[in-house]
Amino acid sequence: MPRRCPEQQESEVAVERRVRNTVNHIALIGNFLPRKCGLATYTTDTYAALRERFPDLRVDVYAMDDHPGSYAYPPAVTGTIPEQDRAAYIEAARRIEQSGVQAIWLQHEYGIFGGEAGENILALLDRTTLPLIVTLHTVLEKPDERQRAVMEGLLRRASRVIVMAERGREILKRVHGADPRIIVTIPHGVPDRVLTDPALLKPRFGWEGRKVVLTFGLLAPGKGIETVIEAMPEVVARHPDALYVVLGATHPNLVAHEGEKYRDSLKALARAKGVEDSVVFIDAFVEYDELIDYLQAADIYVTPYLNPAQITSGTLSYAVGVGKAVISTPYVHATEILADGHGVLVDFRDSAAFAREIDRLLGNDRDRNRLSGRAYARGRTMIWPRLAERAMEEIAAIVAARPERLSKSGNDDRLLPPDIGAVERMSDATGMLQHGIYSVPDRRHGYCIDDNARALMLMSAIDGLDPAVRDRWMTVYASFVQYAWNPEKRRFRNFMNYDRTWCEDVGSEDSNGRTLWALGVTARDARERKHRDWATALFGDTASLAFALGSPRAQAFAMLGAAAMLEASPGNQLARAILERFPDEHLALLDGNSRPDWRWFEIVLAYDNARLPEALIRAGMALGRDDLVACGIETLDWIVAMQTAPDGHFRAIGTESFGRAYADPLPFDQQPLEAQSTIDACSAAFAATGDAKWIAEAQRAWRWYLGGNDLDLPLATAPDGGCFDGLMPTGLNRNQGAESILALQLASCAISRLSKAGVAVAGQGRAAA
């Protein structure tokens, strides 16, 4: 190995000290040997360089897997990610987040990640809070729509982006508007080998007495091998001892599609040109050390690639690194690395030019050796230890710049007065629109009965509202619900386009159950008789649909509506029949699906979880069944525990947890609906038991809106009554849709009532004392 000067050694010591004091554990994501591709070789070489240069650094490798179970990965691989299994990306994010790594280093190539244009990798990155550095192995001049979306997703998420050529930086800035401050140019790593006379290694390969021209890489159209084969007749005429060696297996994807058709066509071309004895194909995926030996045994290295936009070529970098005289077509990487006399460039598909330059270099040892020396000098700046040092300096910088999270709002117990400002912003004469882009209503998605039913309940729940304003919006939301009823199908419709046309004849079971719930609450709580009468009548006309509901949540919503209706009208037989129908079915579900550590109605967790125990508690109170109340309290205890983070704050069941059988919940994406349903269920538990514990649990869920959560970020926008749509690993989903806004406002009403009830109970206790 070449000796280093004292100044270089001193610099390396300083780098190692800075890195060691900042970073001790990273995750490396990419392909990995024994998978046979250039990116696998690159990632493996990167890993080896990191371990050799920074021996105290822990590197967890997550290998992308195109054929799960077919590779014998080495112990260095911490885990694999099947490229087409989106759930595996989310699970990998969880493992990485919990492993204690300080940063993620991603090797990116569009073709190695599943989903359209490899979009699945964004699912992983968006579910981690860790600083990210990305090495881009392809930067496209003209990306298609999905490629652009994926690249810009990476650019938004990354703290640093590594390109291997300055042209990559220019394209990122011009095509994607990337921030130049995050872009770092670090050339492809190369081996740290002594400059060697090719004659010393030729006997190993049987090349004694031959002048060797070498091309290396996975064989595929686009490599331009035809161009050099067509040049060989002229080369051989001047140099009968010339030998063109094409080293590399056919690309696995090409083999799977058409076998060895391409390789056979090249052999046929050599025969047709009369140079079959001067062209050798070595069909092998060679290991790293053997590859370097092949390179060092060659006199000239050629890369006749046909793609002008190619940003990176690992084989070209390796050839320069070991000091080969290189002749190449002028693709982007070649024009940069061979600039200033470090190699020879010829036009694409120009066989005559390749013949001329190969002839010149084979016939002039001085020119060839001078070019070799210049290439080797450039390669010394690109050896793997230098790449590892430069990348780790960037990683240390982004880790050091990561702000400390200081929880200042976790104990915020303030109440926010209910405010319908954001509700009105999202509403028009038809009803409440579903989605927002930031705080602006998104008309593309129209309306749904779910949100209008919730808005109807809010109009009854909120105190101090101007009667005229309340009447106006009660009428709008009630009108939407009324119009949604389809008497022919005896179901409520759910989704409506912005032009007021329905998207369906029958809405989901959950939307039908939720509408019955809203009707029951309106019949009980509406401030004006006309609205109570309307809700009671429509409940009577429609509530029998509940008996056909099969979803436990839809049944729970219907039970909540029936319990409210019984309070409004104690003799309502339809409401009582609904309450008597479903609780025992839920008890049976609980018995059938429970395990010692899983006390729940289903084998999975989903959304609005706390509504299931709340419905049992409300049904038990309405029917005088203590067993239902007790079961509701027990299962509420269980789901509350599942929604408690290790340090005690409320952690909503994340949407990524949905559908995972008997699995502990994952933390993201957390949505406002879960905190609201928990507050409501705790209110029911307090009403049933008088236990102040449930006030405390409700307040803990309420604090989630104010910043008492995993990211210490408030979701409530207090000045206008708005609420962000969710808590993501990297921050807030800053859109404000109807469901989120209504969840906050309904939670605000519930926590206000519960706090007053708690004060009253405490006052009675003091008076009795």
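A: The account below begins with the chain as a whole, turns to the helix pairs, and ends with several loop residues.

The model is a predicted one. Its chain has 769 residues, of which 57% are buried. The secondary structure consists of 29 helices and 22 strands. Among the contacts in the chain with a separation of 6 or more, 70% are between residues 24 or more positions apart.

In soluble globular proteins, nonpolar side chains tend to be buried together. The largest nonpolar core here has 119 residues, and Phe 492 and Tyr 705 have the most contacts inside it. Another core, of 66 residues, lies apart from that one and includes Val 212, Ala 298, Val 320 and Ile 395.

The helix pairs come next. Two packed helices are described by the angle between their axes and the distance between the axes.

Helix H19, residues 467-484, packs with helix H21, residues 529-542, at an angle of about 15°, and their axes are 11 Å apart. Angles under 35 degrees count as roughly parallel, and H19 is therefore roughly parallel to H21. The crossing of H19 past H21 is left-handed. On the side of H19, the residues that meet H21 are Asp 471, Met 474, Thr 475, Ala 478, Val 481 and Gln 482, and their partners in H21 are Lys 530, His 531, Trp 534 and Leu 538. Sorted by class, this contact has 5 nonpolar, 3 polar and 2 charged residues.

A second pair is formed by helix H23, residues 573-581, and helix H25, residues 611-623, whose axes come within 10 Å and cross at roughly 120°. H23 and H25 are therefore oblique to each other. H23 passes H25 in a crossing that is left-handed. Arg 576, Leu 579 and Glu 580 of H23 meet Ala 619, Ala 622 and Leu 623 of H25. The contact of H23 with H25 has 4 nonpolar and 2 charged residues, with no polar ones.

The crossing of H26 past H28 is left-handed. From H26, Ile 633, Leu 636, Asp 637 and Val 640 meet Lys 693, Trp 694, Glu 697 and Arg 700 from H28. By class, these residues divide into 4 nonpolar and 4 charged, with no polar ones.

Asp 608 lies in the loop between helix H24, residues 583-593, and H25. Its phi is near 50°, a positive value in a residue other than glycine. Asp 608 counts as buried because its relative accessibility is 2%, below the 20% limit for that class. Tyr 662 is in the loop between H26 and helix H27, residues 672-689. Tyr 662 is not a glycine, yet its phi is positive, at about 50°. With a relative accessibility of 26%, Tyr 662 counts as partly exposed.

Ala 429 is placed in the loop between helix H17, residues 421-425, and strand E14, residues 433-437. Ala 429 is exposed, since its relative accessible area is 64%. Its C-alpha atom is separated by 6.3 Å from that of Val 476, a residue 47 residues apart from it along the chain. Leaving aside neighbours within four places in sequence, Ala 429 is in contact with Val 476 and Arg 500.

His 188, in the loop between strand E7, residues 183-185, and helix H7, residues 202-205, is buried, with a relative accessible area of 5%. Beyond its neighbours within four places in sequence, His 188 has contacts that include Tyr 42, Met 164, Thr 312, Tyr 318 and Trp 384.

Finally, the peptide bond from Leu 33 to Pro 34 is cis, with omega near 20°. Pro 34 is in the loop between strand E1, residues 25-30, and helix H2, residues 38-53.

Technical notes. Residues numbered from 1 in each chain as written. Predicted model: local features only at pLDDT ≥ 70, side-chain atom pairs only at ≥ 80, totals over all residues. Heavy atoms only, no water. Left-handed = near helix turned anticlockwise from the far one by under 90°. Helix = DSSP H or I, 4+ residues; strand = E, 2+ residues; numbered from the N terminus. Contact = heavy atoms within 4.5 Å. Nonpolar A, V, L, I, M, F, W, Y, C, P; charged D, E, K, R; others polar. Axes fitted to C-alpha atoms, helices over the stretch in contact; angles between N-to-C directions. Parallel < 35°, antiparallel > 145°, perpendicular 65-115°, else oblique. Buried < 20%, exposed > 50% of the residue type's maximum accessible area, 1.4 Å probe, protein only. Core = buried A, V, L, I, M, F, W, Y, C linked by side-chain atoms within 4.5 Å.
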